2 protein chains.
Amino acid sequence: MINRISTFVPILDWGRHYNRQTLASDTMAAVIVTIMLVPQSLAYAMLAGLPAKYGLYASILPLVVYAVFGTSRTLAVGPVAVASLMTASAAGTIAAQGSPDYVLAAVLLAILSGAMLLAMGIFRLGFLANFLSHPVISGFISASGILIAASQIKHILGISVSGDSLVEILTPLAMHAADINPYTLALGAGVLAFLYFVRLRLKHVLTALGMPAHAGDMVVKAGPVLAVVATIALASAFDLGAKGVALVGEIPQGLPALGFPQVDPAMLQDLAIPALLISLIGFVESVSVAQTLASKRRQRIVPDQELVALGAANIASSVSSGFPVTGGFARSVVNFDAGAQTPAAGIFTAAGIAVTALFFTPYLAALPQATLAATIIVAVLSLVDVKVLRRIWTYSKIDFIAMAATILGTLFIGVETGVVLGVVLSLVLHLYRTSTPHIAIVGNVPGSEHFRNVERHDVLTVPEILTVRVDESLYFANSRFLEDRIAALVAARPEVRHLVLMCSAVNAIDASALESLEEINHRLKDAGIMLHLSEVKGPVMDRLRKTDLLEQLTGKVFLSQYDAFRALCTSTASGAPDLIRPTGSIVVG
Amino acid sequence: MINRISTFVPILDWGRHYNRQTLASDTMAAVIVTIMLVPQSLAYAMLAGLPAKYGLYASILPLVVYAVFGTSRTLAVGPVAVASLMTASAAGTIAAQGSPDYVLAAVLLAILSGAMLLAMGIFRLGFLANFLSHPVISGFISASGILIAASQIKHILGISVSGDSLVEILTPLAMHAADINPYTLALGAGVLAFLYFVRLRLKHVLTALGMPAHAGDMVVKAGPVLAVVATIALASAFDLGAKGVALVGEIPQGLPALGFPQVDPAMLQDLAIPALLISLIGFVESVSVAQTLASKRRQRIVPDQELVALGAANIASSVSSGFPVTGGFARSVVNFDAGAQTPAAGIFTAAGIAVTALFFTPYLAALPQATLAATIIVAVLSLVDVKVLRRIWTYSKIDFIAMAATILGTLFIGVETGVVLGVVLSLVLHLYRTSTPHIAIVGNVPGSEHFRNVERHDVLTVPEILTVRVDESLYFANSRFLEDRIAALVAARPEVRHLVLMCSAVNAIDASALESLEEINHRLKDAGIMLHLSEVKGPVMDRLRKTDLLEQLTGKVFLSQYDAFRALCTSTASGAPDLIRPTGSIVVG
């Protein structure tokens, strides 16, 4: 019984084996992740267009809830860059940034997204995430990275502007160039330079100085924290706030009040699509990180249970006034590397953030926004993957089109349009690809039982017998193509009396394809041609037996193509088959 | 050169060989089709909610244009039942029946639909029709038949009501039962009974009386014409119009003025989706009829050229004030059976309708609408296929769900919603089905080179070597499933050192699946397991060679699964493989 419940509440499983050693490891990891998460949560709240406190609120309860329901031992959830950008985009269509409705929209997004994830988990609808192909996700993440980085430039320059698409973001920057605040620019550029130095060079320097690689990694990861501490000190010492440098400002001390947000049905409707996209993208990214980390220790992730856990975490975020959360890549890797053994590390991290919210927020008031912007820029530019464009171009033009459309749509129209465009295009292009499967006319390889493409090999054929091999499962997207193609092949060969459909690569035949086969059989019968099948797979044959196709079939079903060829050769007038050499001129399929 | 042009203008091809004999056959067929088409065109105009003359207008120019561009020798185009219903549904959302805007909407639908078909033909986008699976089309046609029949009951009863969904149509009928016109009812019921007698019994009677089967068929097809002539006579003799029987009324003599309709951009936008659906459904039905007839004479249909021809025909319809047209089933069969040899029969039919429009419309004024309603009911109820529901239920539950949703959506929400619901569901369900492919763990059949499912056969396996066969092409919808499944399989078998992916049923690997394979390779490496591939198909291997997967692969690519097994057995510690008998308890995939 405990075993069955623990499938849905994994904490019951790992909690029973919890001991002092795992406690020590988890606590150590939690301290490191907490220090990393504080500036991140403030930064992503800023990116989402929300006051800084909401970042902290989204980093407490969701972590505890994920620890109870999640199947990953090391995934660290909380606000992440892409979901924050999407939150800003969706909430921006509802109300102006800074208004109470804007905040409400962000909180509603979390509860909607949570409810959707939970429902997908309970009803086993995780397969919906399969609509998001790798090229679409990858293109979307890269484009989001560029968009986020561009949106942060204003904080580095000290200009107040806003916009959604790349053009909307960059145009006003050029127009307001005169408003640049020199102190902000100096500070922001300094932090940027420092963070890039830390990321690209510091490890080499430290390793050269004799520090172990692992410790070096940790120092590099602590770069943003150092920048935060240093710029708070600078801003306080030189009173930069009075010189026009935007600071985070006062963050109220204390924990969020718990309670469901006030629900506005009209707003919910407007937020439904963005919430679905945030859910699916967050889920895909989160499971991908979790799988990568779990496989290093041969642990197992259960995607459907992850939906439940992430759903519950988002509802928890909403209940505590937070915005959408999901598993973060950098954060989870730090958690893993720092030695987290169980999700308890997440609970301890939540405790760390709670302590920060209760006692340390006054120290964060003097933090310049430019510092946060610089940490965001450095973090998100690492998401931008230019090489993948070239790789996918080389591998598959169809996938490239879907990716390019996603990137361009995201950058120049908007984040939701970008994703939807990519999903629709990849579906259409998938249908297009499988709607014209490779179809080969095959003949017998002399001295063997093999059958190969007549255009590539010297094979034996008989004019009366046409054997066609279809390299695709037969379903609605290609069933009519098959009808058309067979009609064309037969119309061009008046001598044909037998058509054999070789089904070795046909993994399934759906109802549309079944109707097409019946139609093909019927039409061939009218034309005086018998239709035979060969090498039909077991599961496919099981289904066909439920229909009357096999009774209506003018020909037979042969176990192997060789059986078919031998039997039909003896029954035709021309007798012994002729050797056909490939001409290389006719292309089929 | 003529050959290349004639691909796009097939009349240049068959026109050159035209002779006196084909002229005689075509003329005979045209006379018969004209007699059949006159009442049909009036009936479908009524169904579309338009004055009768528009039915004639849609049956002249489109036929000529199709004859020039179409690849079918015998397809008879013109107004058809389902497209007329869809026209009524779409135009009804724009304006009230009887208003000038309603007529304009119908004419715009034709030009929009024509432009879409033409564009699909030119840009080779005919594959878009593949989105419409057989179960969705079949369900939609059946539901439309029921809806159309229900919508005509009011004409039989002599009541004036209107509505779109089944509930909207039937409820007011019951409420207005007191308004039934007894003359209309007697006439309508009489025609219905007569037409059913003709359809179901007359051929038996005629054959029993010694008439040849072919002639009997022709008499049966002439049933509606007899009913038209007889009820015109009745209505004139007894002045039924004065007794409240609705008549077709005066149809202006003459041909339509030619000219493009006045274009209203807002209206075009509202009509875009209906026009697309009318185009696709009309195209699918039309090509299906054309293929069936062509195969009887081993002729060839070129679907992309059919798009061009139907597109041009619809534009021609619009230019001559007509509404959407397509190839009609019954009409084409009559044309074929009557001996039509070339599309010239269509041109002669158009001439026949033009003559009717010029000279014979006064004779049609006394035609009771109830007669037309009865011919519509009898025609469309033959479209309703109840048996297919049972067949598809038995064959595939997934296809059944798509079909049932289409039928219920069409009947109870509306025609467009029904089709869209069906299309979306069949796509989602297709993704769902291929997203969880059959995955089998296989072992060597003793004494052979075959590999079979360990759960169905007595096979040899080695604990260190896990061989997995995936029965599906790998693409975005199942790539993450594969990742999850392999992670789970490996997590449950700590002894595994080699994983072989047997790719005999993998017809394609898209960019998403490639990334997943790289990820699987990477994760297995972290877990100390080598990944091997076996039986990769030629075209798939060609693509993989363009990537660095093969370099990064921790294991090898084996030509056959047997090669892989033999090579890996000698390299592992346990040596000789053990015989595994299927337990029947574990189900994989």
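## Salt-bridge network in chain A

Glu483(A), Glu519(A) and Arg523(A) are linked in a network of salt bridges, a salt bridge being a side-chain nitrogen of Lys or Arg within 4 Å of a carboxyl oxygen of Asp or Glu. Over all chains, a search of the whole structure finds 20 salt bridges.

The model is predicted: local features need pLDDT of at least 70, side-chain atom pairs count only at pLDDT 80 or more, and totals for chains, interfaces and linings use all residues. Residues are numbered from 1 along each chain as its sequence is written, chains are lettered from A and ligands numbered from 1 in the order in which they are written, and side-chain values use heavy atoms, with hydrogens and water left out.

## A salt bridge between chains

Glu518(A) and Arg391(B) form a salt bridge through their side chains, at 2.8 Å from N to O. Glu518(A) lies in helix H22 (residues 511-526) of chain A and Arg391(B) in helix H18 (residues 387-395) of chain B, so the pair joins two chains. Helices (H or I, at least four residues) and strands (E, at least two) are DSSP runs, numbered from the N terminus.

Glu518(A) is buried, with a relative accessible area of 13%, whereas Arg391(B) is partly exposed at 37%. Buried means under 20% relative accessible area, exposed over 50%, and partly exposed in between (1.4 Å probe, protein chains only).

## Salt bridges within chain B

Asp471(B) pairs with Arg469(B) in a salt bridge whose closest N and O atoms are 2.9 Å apart. Asp471(B) is buried at 10% relative accessible area, and Arg469(B) is buried at 15%.

In the salt bridge of Asp542(B) with Arg545(B), the closest N and O atoms are 3.6 Å apart. Here Asp542(B) is partly exposed at 45% relative accessibility, while Arg545(B) is exposed at 55%.

## Nonpolar patch

Leu255(A), Val355(A), Leu358(A), Phe359(A), Phe360(A) and Tyr363(A) make a nonpolar surface patch of about 590 Å². Patches are made of residues with over 30% relative accessible area and no salt bridge; like charges are joined within 9 Å, and nonpolar side chains (Val, Leu, Ile, Met, Phe, Trp, Tyr) within 5 Å. Accessible areas come from the Shrake-Rupley method with a 1.4 Å probe, and for residues only the protein chains shown count as cover.

Val355(A) belongs to helix H16 (residues 344-364) of chain A. Val355(A) is partly exposed, with a relative accessible area of 36%.

## Annotated domain

An unreviewed UniProt entry places the feature "domain: STAS" at residues 455-568 of chain A. UniProt positions are given in the numbering used here, feature names are shortened, and annotations may be inferred rather than shown by experiment. Residues 455-568 of chain A are 45% helix and 18% strand, and the end C-alpha atoms of this span lie 22 Å apart.
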